[in-house]
Amino acid sequence: MFRNLLVVALAFGGLAGAQYKRAPERIRAILDAPATPAISVNPARTHALLLDVRRYPSIAELAQPMLRLAGLRVNPRNNAPHRQTLYEGIGLVRLDTGAAVPLNLPPPARYGSPHWSGDGKWFAIPAFQDDRVEVWVGRVETGEFRRLAANINAAWGDPVRWMPDNRRLLVQLIPEDRGSVPAPPTTPDGPIIQETLGKAGPTRTNPDALRNSYDERLFDYYLRSQLTLVDAGTASRRKLAEPSIIESAVPSPGGEHILVTRLRRPYSYVLNAGDFPKDVEVWTTEGRVARVITKRPMADNVPIEGVVTGPRQFAWQPNDPATLTWVEALDEGDPRKQVSHRDRLLRLAAPFQGEAVEWVRTQYRCMAVRWLDDDPRALVTDYDRRRRWTQTQMVAPNQPAKTIWSRNAQDAYGDPGTPLMRTLRSGHRVLQTDSGSIFLDGEGASPQGDRPFLDRYSLTTGEKQRLFHSDPDAYETVVAILDGQRLLTRRETLKDPPNYLIRQNGRIQHRITNVQDPAPEFRRVKKELVTYQREDGVPLSFTLYLPPDYTPGKPLPTVVWAYPREFTDASTAGQVRGSKHRFTTVAGASHLFYLLAGYAILDGAAMPVVGDPDTANNTYIQQVVSSAKAAIHKAAAEGWTDPVRVGVGGHSYGAFMTANLLAHSDLFQAGVARSGAYNRTLTPFGFQAEPRTFWQAPEIYIGMSPFMSAQKIKEPILLIHGEADDNQGTFPVQSERMYQAVRGNGGVVRYVVLPHEAHGYSARESVEHTIAEMIDWFDRHVKKR
């Protein structure tokens with residue numbers, strides 16, 4: 001529809017074309033500055049790849065053809081995802097010295113995420129060309145880098161995996177006999193018919209569902225893959241079975257079997273591909289089916305916040321050559337059923353004959369299974385939706401379970417950390433252990449802010465030993481444990497950008513990266529963590545940013561930027577999250593660019609919605625208004641904020657909040673709402689953490705919808721939306737109808753549609769235009785008031 005112009009709906013009601021706006025030069029310079037690379041450490045912990053993220057593709061790239069196929073967005077030119085995180089530079093470094101290993105890189109390409117062989121001696125990286133996807137392999141010792149295979153089918157899933165022998169790769173190729181793209185019909189095949197037989201099937205809205213039989217043919221054409229074994233040394237190939245639509249293919253730790261999940265018809269015009277009928281099978285490496293584990297039907301009757309019945313969450317037991325594990329629901333997948341146990345875990349070992357053996361039951365819904373190495377035990381984590389409660393137990397076949405942790409999942413202060421994992425030579429991952437202890441990596445949340453840590457935790461005694469704690473004036477996280485004395489960390493401070501370094505016995509040994517400050521102007525920004533209370537006593541916080549060269553005591557025009565979150569109790573809702581010691585990184589269409597226009601920012605202003613998970617939204621409006629009022633009152637009392645010059649903004653659910661605050665309070669002079677949903681009757685089977693349907697709680701859906709209160713929005717509101725929004729519930733029609741509602745009731749509203757953009761905005765042109773629109777809107781309606 002929109003191809004060359006940005007389309008804006010103007011206040012007088014017509015549509016007018018407009019060219020992309022440019023951000024000011026000082027902002028463009030920040031967008032151009034290099035960022036800290038991503039890092040990928042090999043399983044041997046001897047080398048790492050440094051990956052330069054490609055942050056801002058051009059609008060021309062986003063304008064390439066895109067097929068919307070059952071929740072997948074495919075670029076038909078190269079048979080790959082239409083947009084994804086890609087890298088434009090690769091570097092290989094030795095972790096013991098920080099020295100670079102020269103790589104003979106291929107011709108200019110965009111790279112995907114690397115795949116390490118289990119022994120850490122090889123890495124494979126997909127290279128995305130305009131008309132194909134290739135796989136290149138590199139050798140750590142020499143830096144040799146060469147193309148192994150072309151015509152990878154990267155449309156879905158993980159098309160490249162190393163086999164446990166660390167010599168062969170399991171890849172998904174485009175079938176050689178695929179033929180030409182199906183031609184679109186000149187006339188319809190017939191009417192589009194959908195039918196249900198009386199069984200409830202609540203479904204969240206899916207923007208990219210299949211629409212007709214032609215979409216089905218395109219889905220088959222672009223998704224079918226030929227599973228193939230390719231030798232990394234000789235490039236010899238061996239096909240496995242016939243082409244099919246493969247959701248996943250995972251080799252067993254012993255390398256003799258492959259767990260394959262394949263889709264089958266019929267397809268759905270309501271659900272996405274992951275919910276289509278599928279066969280889960282164990283194959284031999286010759287491509288023969290050794291056992292059909294399940295033939296799952298269409299997942300069209302899953303309860304809200306529930307799971308499918310029958311086997312799910314399949315995985316190989318990583319410390320056994322060929323034992324398959326999975327989970328099955330004991331409550332018919334319905335979280336509202338009252339049962340003593342919700343799930344059970346089963347195991348089936350090679351040769352995969354007979355029935356699977358149940359080895360543990362979980363009280364709540366099973367979320368994760370983490371195995372120990374060379375040990376029959378595992379840490380099993382389950383979660384209670386009703387209480388937002390999580391527990392982790394150590395379990396083993398024929399042994400009583402031992403509870404390791406049981407706690408409120410929203411309690412940041414009580415979070416013990418996440419167990420670190422390591423990769424075996426087979427490529428499978430297990431808990432990283434040492435003499436009966438595991439290692440826990442945590443944020444270290446506290447009333448003073450986050451202070452990351454690394455603990456050693458004894459599974460026998462429960463005793464903890466702190467191995468690392470970020471300095472109080474820095475924010476430093478552990479990336480990897482290299483050995484008993486050395487850590488790879490990522491460190492940043494208010495003045496120093498994030499960089500990777502090696503610590504030995506707590507001291508910095510050497511640096512892996514030396515990224516310089518990309519925006520020195522932002523070092524003059526004042527940053528402070530501020531705490532205060534809501535009228536009902538709920539503790540709140542925001543991160544205060546004051547612009548460069550701020551004059552103390554001078555109230556400023558202010559931006560409140562927020563995103564509401566649900567909590568079961570006030571104590572966890574009021575916990576401080578984040579750190580004032582982090583480097584202020586500004587990228588993309590960030591609201592932090594308001595600082596360069598002279599605004600104060602109350603960033604991440606807490607907007608907790610506290611209450612029973614089933615009914616918390618009954619007081620949503622009252623709670624967000626009260627939270628916003630408390631934030632402005634605190635900032636004004638401290639002399640930072642001019643209370644009659646305050647704007648509010650947010651993205652997605654934050655946009656929904658913004659429209660509601662303008663409709664139900666007089667606290668703000670204008671708002672910026674990006675990629676939001678404003679009419680909850682269009683998301684009738686739940687939204688965010690709301691578990692009730694529209695028909696169960698119509699007054700809540702209507703009362704929370706700012707669309708229904710559009711006549712109350714008298715302050716100017718800027719609506720921005722990606723034309724190709726891929727998020728459930730935030731169809732562009734939400735902003736289109738909201739614009740019409742506000743305009744029709746005499747409000748001041750501007751509606752900006754970003755061509756080709758999804759839920760987030762990535763093209764350089766879109767990013768700059770969004771920044772310019774946001775600053776201009778508040779300059780007109782907030783600053784000059």
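Thr 284 counts as buried because its relative accessibility is 8%; buried means under 20% relative accessible area, exposed over 50% and partly exposed in between, with a 1.4 Å probe and protein chains only. The model is predicted, so local features need pLDDT of at least 70 and side-chain atom pairs count only at pLDDT 80 or more, while totals for chains, interfaces and linings use all residues. Residues are numbered from 1 along each chain as its sequence is written, and side-chain values use heavy atoms, with hydrogens and water left out.

Thr 284 sits in strand β21 (residues 278-284). Strands (E, at least two residues) and helices (H or I, at least four) are DSSP runs, numbered from the N terminus. Not counting residues up to four places away in sequence, Thr 284 touches Glu 256, Ile 258 and Ala 290. Contact here means heavy atoms within 4.5 Å.

Now go to strand β44 (residues 556-561). Six of its six residues are buried. β44 pairs with strand β48 (residues 641-651) in the parallel sense, over five bridges. Two strands pair if DSSP finds at least two bridges between them. Val 559 has Gly 647 of β48 as its bridge partner. β44 also runs parallel to strand β46 (residues 600-603), joined by four bridges. There, Thr 558 is partnered with Ala 600.

Next come two helices. The axes of α5 (residues 620-637) and α6 (residues 653-664) come within 10 Å and cross at roughly 85 degrees. Axes are lines fitted to C-alpha atoms, for helices over the stretch in contact, and angles run from 0 to 180 degrees between N-to-C directions. α5 and α6 are therefore roughly perpendicular to each other, a label for angles of 65 to 115 degrees. The α5 side of the contact includes Tyr 620, Ile 621 and Val 624; the α6 side includes Tyr 653, Phe 656 and Met 657. The contact residues divide into nine nonpolar, two polar and no charged.

Tyr 620 leads on to the core. The largest nonpolar core has 62 residues, and Tyr 620 is among those with the most contacts inside it, along with Phe 542, Phe 668, Ile 717 and Leu 719. Such a core is a set of buried Ala, Val, Leu, Ile, Met, Phe, Trp, Tyr and Cys residues joined through side-chain atoms within 4.5 Å. α5 gives the largest share of this core, nine residues. A second, separate core has 35 residues, including Ile 27, Tyr 56, Val 525 and Leu 595.

How values were computed: Parallel < 35°, antiparallel > 145°, perpendicular 65-115°, else oblique. Nonpolar A, V, L, I, M, F, W, Y, C, P; charged D, E, K, R; others polar.
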